[in-house]
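Let's take a friendly walk through this model, from its inside to its ligand. Keep the viewer open as you read.

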Amino acid sequence: MALERTLSIIKPDATRRNLTGAINALLEAAGLRIIAQKRLRLSEARAKEFYAVHKERLFYSDLVKFMTSGPVVVQVLEGEDAVLLNRKVMGATDPALAVEGTIRKTFAESIEANSVHGSDSPDNAKIEIEFFFSQDEIVG
Ligand code: CMP
């Protein structure tokens, strides 16, 4: 077990339904500590850059459109094995496949409007955290 950090995004479908607090409660109940958080609106250029790894996928342009459709809340979460733990709390990308009690099973509307994003590896977590936060915005 290692103390880790991961990047979390509460997506526009969730901010639209005023679910930031409800999602944060599930993250905190699972043992994740929110050590940085801000609400912002992604520009098309920033959303494209963040999801560049998916640029060849058929869903890329719809994903960029969705992620820029309303405010998001970006967060740094800290905890033991935070990357894996957060992915467990989020549940499967497709809410139809997500386990009962997970954020996506509880709140997601579809595979696209799936309420939250979480880094998929410690290496990507570092890159994604640096994409949104400067060091002085993170208070561990
Ligand atoms: P996220 O964890 O943010 O990473 C990429 C996102 O693409 C994913 O969550 C989904 O919201 C979105 N997406 C839309 N369609 C698909 C799809 N068919 N397969 C995987 N991800 C998809």
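This is a predicted model: local features need pLDDT of at least 70, side-chain atom pairs count only at pLDDT 80 or more; totals for chains, interfaces and linings use all residues.

Residues are numbered from 1 along each chain as its sequence is written, and side-chain values use heavy atoms, with hydrogens and water left out.

Start with the nonpolar cores, meaning sets of buried Ala, Val, Leu, Ile, Met, Phe, Trp, Tyr and Cys residues joined through side-chain atoms within 4.5 Å. Buried here is under 20% relative accessible area and exposed is over 50%, with partly exposed in between (1.4 Å probe, protein chains only). The largest core has 22 residues, and Ile9, Met67, Phe132 and Phe133 have the most contacts inside it. At least two residues each come from strand 1 (3-10), strand 2 (33-40), helix 3 (44-50), helix 4 (60-67), strand 3 (72-80) and helix 7 (122-132); these are DSSP runs numbered from the N terminus, helices being H or I of at least four residues and strands E of at least two. Helix 4 gives the most, with 5 residues. A second, separate core of 14 residues includes Leu77, Ala82, Met90 and Ile103.

Now look at helix 5 (residues 82-90), where Ala82, Val83, Asn86, Val89 and Met90 are buried. They lie on the same side of helix 5 because they cover an arc of only 130 degrees around the axis, taken from the directions from the helix axis to the C-beta atoms. Leu84 and Lys88 are exposed on the face turned away from that buried side. Just after helix 5, Gly91 has a positive phi of about 90 degrees.

Helix 7 buries Ala125, Glu128, Ile129, Phe131 and Phe132. Its buried residues fall within an arc of 150 degrees seen down the axis, so they line one face of the helix. On the face turned away, Asp123, Lys126 and Ile127 are exposed.

Finally, turn to the ligand. Which residues surround the ligand? Among them are Lys11, Phe59, Arg104 and Asn114, where the criterion is a heavy atom within 4 Å. The protein covers 79% of the 450 Å² of accessible area that the ligand has on its own, by the Shrake-Rupley method with a 1.4 Å probe.
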